[in-house]
Amino acid sequence: MRNYFRLVNSFMGNVYFEVSKHLRCSPYEVIKNKFRPDIKFLIIKYSQILRAKQKEFEELEEKSNQY
């Protein structure tokens with residue numbers, strides 16, 4: 001059960017959640033079918049989007065720390 005809590009707060013947990021919102025299904029379905037080409041494509045897409053957001057946030061945080 002502890003592994004589920006780690007997944008919820010992890011980067012991949014957020015990716016699975018975003019894909020599940022996109023597909024309007026449960027995160028369980030996304031995890032279960034993560035090797036299907038259509039779902040794998042969405043996982044890659046949303047991981048790139050979330051990484052870009054994370055990088056942008058870090059850059060803004062650095063700029064705010066400078067001032």
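Visitor: What is the N to O distance in the salt bridge between the side chains of D38 and R36?
Guide: A salt bridge is a side-chain nitrogen of Lys or Arg within 4 Å of a carboxyl oxygen of Asp or Glu. Side chains of opposite charge can pair when their charged atoms come close. For D38 and R36, the N to O distance is 2.7 Å.

Visitor: What kind of model is this, and which pLDDT must side-chain atom pairs have to count?
Guide: Residues are numbered from 1 along each chain as its sequence is written, and side-chain values use heavy atoms, with hydrogens and water left out. The model is predicted: totals for chains, interfaces and linings use all residues, local features need pLDDT of at least 70, and side-chain atom pairs count only at pLDDT 80 or more.

Visitor: Which accessibility class do D38 and R36 fall into?
Guide: Buried means under 20% relative accessible area, exposed over 50%, and partly exposed in between (1.4 Å probe, protein chains only). D38 is at 40%. R36 is at 41%. So both count as partly exposed.

Visitor: How many salt bridges does the rule give?
Guide: Besides D38 with R36, E18 pairs with K21 at 3.4 Å between the closest N and O atoms. E29 and K32 also meet, N to O at 3.9 Å. The count comes to three.

Visitor: How far apart along helix α2 are E18 and K21, in helical turns?
Guide: Helices are DSSP runs of H or I with at least four residues, strands are runs of E with at least two, and both are numbered from the N terminus. E18 is partly exposed at 25%, and K21 is partly exposed at 48%. The two are three residues apart in α2, so their separation is about one helical turn.

Visitor: Which helix holds both E29 and K32?
Guide: E29 is partly exposed, with a relative accessible area of 31%. K32 is partly exposed too, at 49%. They lie three residues apart, about one turn, in residues 27-32, helix α3.

Visitor: What is the distance between the end C-alpha atoms of α2?
Guide: The expected span of a helix is 1.5 Å times one less than its number of residues. α2 has 13 residues (11-23), so it should span 18 Å. The model agrees, with an end-to-end distance of 19 Å.

Visitor: Which residues of α2 are buried, and how wide an arc do they cover?
Guide: The buried residues are G13, V15, Y16, V19 and S20. Their arc is that of the directions from the helix axis to the C-beta atoms. It puts them on the same side of α2, because it is only 160°.

Visitor: Which residue caps the N-terminal end of α2?
Guide: A polar contact is a pair of N or O atoms within 3.5 Å; within protein, one must be able to donate a hydrogen and the other to accept it, and residues adjacent in sequence count only if both atoms are side-chain atoms. At this end of α2, a side-chain oxygen lies 3.0 Å from the backbone nitrogen of G13. The cap is S10.

Visitor: Which residues does S20 touch, beyond four places in sequence?
Guide: S20 lies in α2. At 4% relative accessibility, S20 counts as buried. Contact means heavy atoms within 4.5 Å. By that rule S20 touches C25, S26, P27 and V30.

Visitor: Which helices are among the cover over the buried residues of α4?
Guide: The buried residues are I39, L42, I43, Y46, S47 and L50. L42, for one, touches V19, H22 and L23, leaving out residues up to four places away in sequence. The cover includes α2 and α3.

Visitor: Which backbone oxygen does the side chain of S64 reach?
Guide: S64 is in helix α4. S64 is partly exposed at 46% relative accessible area. At 2.8 Å, its side chain reaches the backbone oxygen of E61.
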